[in-house]
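Hello,

I am passing a structure on to you, together with some notes on what turned up in it. Have a look at it first, and then read on.

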Amino acid sequence: MDEKEITREMLAFIEESPTAFHAAANAERLLVKAGFEKLDDMGEKPLVPGGNYYTTQNGSAVIAVKIGRQETTGFRIVASHSDSPCFKVKETPEIRMEEQYVKLNTEKYGGMILNTWLDRPLSVAGRVFVKEPETGRIGARLVNLKKDLLIIPNVAVHFNREVNDGMKLNPQVDLLPLFAQDQGLTLQKLCADQLGIGEEEILGSDLYVYNRDKGRIMGADDAFIGSPRLDDLQCAFSTLQGFLQAEPQTHIAVYALFDNEEVGSSTKQGADSTLLSDVLDAVLDAVADKLTPLKKRAFYQNSCLLSADNGHAVHPNHPEKSDPTNRPYLNGGVVLKFQGSQRYTTDGFSAALVRDICREHGIAVQDFANRADIAGGSTLGNISTAHVSIPSADVGLAQLAMHSAFETGGVADTKAMAELARWFLA
């Protein structure tokens, strides 16, 4: 698959993944297509050499494993996240204004660039919960209202002459999306109509506003991509492609897709939970005779994690924001991320491991570090390794306008991450 082909597939994956629930469902679909067996508990049956298995959590996190064909000696793990910054719809969201407009009551999810959400076609997706008539249990159903449903209109320059001098947006005042004029319309009714059920049957929901702009290849030389949710679905898709192509021999290959990274990961489906350690322990118990604590520790010490989350490219209008010597660019390949405080976990050993794989297989790699006077963000590596003590490298793909409603990346980079994941897991 060439660079443009895998990029177009990635953009299609993103378009069909407006929320973390849809991203996890689409990852699950690709796993099933590749012959993976779903297990509610990885320890419920023996896992055989050459076997492919996966499990899910909350409908928004996925962990899949490929068992090596020889005696396994450690884990190789690639991790990414399914969520992106957006607006979450509050309960009872309709706000009726002067009997002329209906707005939706929303709140921020994650660290957003707020003004990028203005004057764009928006919609709503997520999941609703109903009582299933066959079983009497509460079940989740995905919804995606695939239409230009909402807009957050700017205030005209005539009413705000200082708009171009800088304006602080109040999420409760300035950023509530316009929904309808019909005073009787409700978001819950639209969701119910899509599912073919009564509005009263919906007992709960997790709904999010998403940008309807389509991802695309851009630039005079077709070098760039523009899309919502590049952070982190570009890595989620590319590492999954590498995982599906990998053929592990002496270790267990693991694909981990976590939720809620954008709000701290402290949920049952986030990296700051026992999800990964619980699954890995269950896998170990299912592939081997009961391991002594010493042998289990040795197994983990022979393991390694790649935390894949996009990084900051040098900005063409603000190159001064980047570090003087560690300056990744779009289409420069995989980004190795470093930070002295260990919010990025790459160290000398894990950097050497990644660079060795990239050198052997002709994968472009570049380095990122924050300026010493600019605080950076955190990601999955240090959170995950606080629960599973293994070597880790934080990697990603260079992008511009991170946490914008529409982000920019490089066409060549998706394939680079897929290749790194493939050979790291092989």
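Across the whole structure, a search finds 9 aromatic pairs (rings of Phe, Tyr and Trp, the last by its six-membered ring, with centres within 6.5 Å; planes under 30 degrees apart are stacked, over 60 edge-to-face, the rest tilted). One of them joins F75 and F299 edge-to-face, with 5.1 Å from centre to centre and 75° between the planes. Because F75 lies in strand β4 (residues 75-81) and F299 in helix α6 (residues 293-301), this pair ties together parts that are 224 residues apart in sequence. Helices (H or I, at least four residues) and strands (E, at least two) are DSSP runs, numbered from the N terminus. F75 is buried at 1% relative accessible area, and F299 is buried too, at 8% (buried is under 20% relative accessible area, exposed over 50%, partly exposed in between, with a 1.4 Å probe and protein chains only).

F75 also pairs with Y300, in a tilted arrangement with 5.7 Å between centres and 40° between planes. F21, Y109 and Y208 form one aromatic cluster.

Before you go further, please keep in mind that this is a predicted model: local features need pLDDT of at least 70 and side-chain atom pairs pLDDT 80 or more, while totals for chains, interfaces and linings use all residues. Residues are numbered from 1 along each chain as its sequence is written, and side-chain values use heavy atoms, without hydrogens and water.

Two charges sit over rings (NZ of Lys or CZ of Arg within 6 Å of the ring centre and within 35 degrees of the ring normal). The charged end of R76 is over F424, 4.8 Å from the ring centre, and that of K88 is over Y208, at 5.5 Å.

How many disulfides does the structure hold? There are 0, a disulfide being a pair of cysteine sulfur atoms within 2.5 Å. C191 is buried, at 0% relative accessibility.

Best wishes
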